[in-house]
Amino acid sequence: MIRTSALNVFQAKEAYISLITETEQVNKIRSSEMVDVVLRPISLDAHAILSQDIFFLPDASTDWRFAQNPQVDGRTSGMKKSPIRFFASVAVKSLTGQAIGAISVFDSQPRAKISNEQVHGLMSLARQVTQLIYGKS
């Protein structure tokens with residue numbers, strides 16, 4: 001339901017929820033088109049969990065941090081078929097406020113901007129993930 005809501009808010013190709021460990025991004029809720037695990041050095045979510053609000057890439061291929069990333073240049077995509085261009089993500093936090101993962105959306109087409117409603121929607125969904133993980137309502 002949360003993944004579907006994120007897809008609807010952004011009208012994106014993919015939405016997923018991940019947990020970040022010291023060495024990898026584990027995609028917990030995802031489509032069958034996505035890989036299960038991404039090594040942390042190439043994880044876009046590893047950058048997203050460092051952001052206070054939303055981590056937004058209008059076109060990941062033009063960002064110096066990600067232009068050579070195999071998920072972005074198409075060598076080995078987070079999607080088994082399409083490289084990532086547009087990417088938006090919000091950290092999922094523990095009850096103490098530590099970033100433990102992310103809820104992310106992406107598409108193979110760049111997007112110049114996202115709306116305030118989309119930002120607030122993704123932030124709300126991230127809080128819902130935290131509530132589900134810790135059994136809080």
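Me: In this predicted model, what makes Q11 count as exposed?

Reply: The relative accessible area of Q11 is 59%. The cut-off for exposed is over 50%, so Q11 is called exposed.

Me: Why is α1 called roughly antiparallel to α4?

Reply: The axes of the two helices come within 10 Å and cross at roughly 175 degrees. Angles over 145 degrees count as roughly antiparallel, and therefore α1 is described as roughly antiparallel to α4.

Me: Which residues of α1 and α4 meet, and how do they divide into nonpolar, polar and charged?

Reply: From α1, the residues are I2, S5, A6, V9 and F10; they meet Q118, L122, L125, Q128, V129 and L132 of α4. The residues of this contact comprise eight nonpolar, three polar and no charged.

Me: What makes up the largest nonpolar core, and which elements give two or more residues to it?

Reply: The largest nonpolar core has 22 residues, and those with the most contacts inside it are F10, I103, V105 and L122. Two or more residues come from each of α1 (2-10), β1 (14-20), β5 (86-93), β6 (99-107) and α4 (116-134). The most is given by α4, with six residues. Another core, of 11 residues, lies apart from it and includes Y16, F55, F66 and F87.

Me: With which residues is F10 in contact, leaving aside its neighbours within four places in sequence?

Reply: F10 is in contact with F86, A88, V105, R111, I114, Q118 and L122.

Me: How do you know that β1 and β2 pair?

Reply: Four bridges join β1 to β2 (residues 24-29). Pairing requires at least two bridges, so β1 and β2 count as paired. These strands run antiparallel, and one of the bridges links S18 to its partner N27 in β2. The two strands form a hairpin, with three residues between them.

Me: What makes β2 and β3 a pair as well?

Reply: Three bridges are found between β2 and β3 (residues 37-39). Since at least two are needed, β2 and β3 pair, in the antiparallel sense. Here the bridge partner of E24 is L39 in β3.

How values were computed:
Residues are numbered from 1 along each chain as its sequence is written. This is a predicted model: local features need pLDDT of at least 70, side-chain atom pairs count only at pLDDT 80 or more; totals for chains, interfaces and linings use all residues. Side-chain values use heavy atoms; hydrogens and water are left out. A nonpolar core is a set of buried Ala, Val, Leu, Ile, Met, Phe, Trp, Tyr and Cys residues joined through side-chain atoms within 4.5 Å. Buried means under 20% relative accessible area, exposed over 50%, partly exposed in between (1.4 Å probe, protein chains only). Contact means heavy atoms within 4.5 Å. Axes are lines fitted to C-alpha atoms, for helices over the stretch in contact, and angles run from 0 to 180 degrees between N-to-C directions. Angles under 35 degrees count as roughly parallel, over 145 as roughly antiparallel, 65 to 115 as roughly perpendicular and the rest as oblique. Ala, Val, Leu, Ile, Met, Phe, Trp, Tyr, Cys and Pro count as nonpolar, Asp, Glu, Lys and Arg as charged, and the others, Gly among them, as polar.
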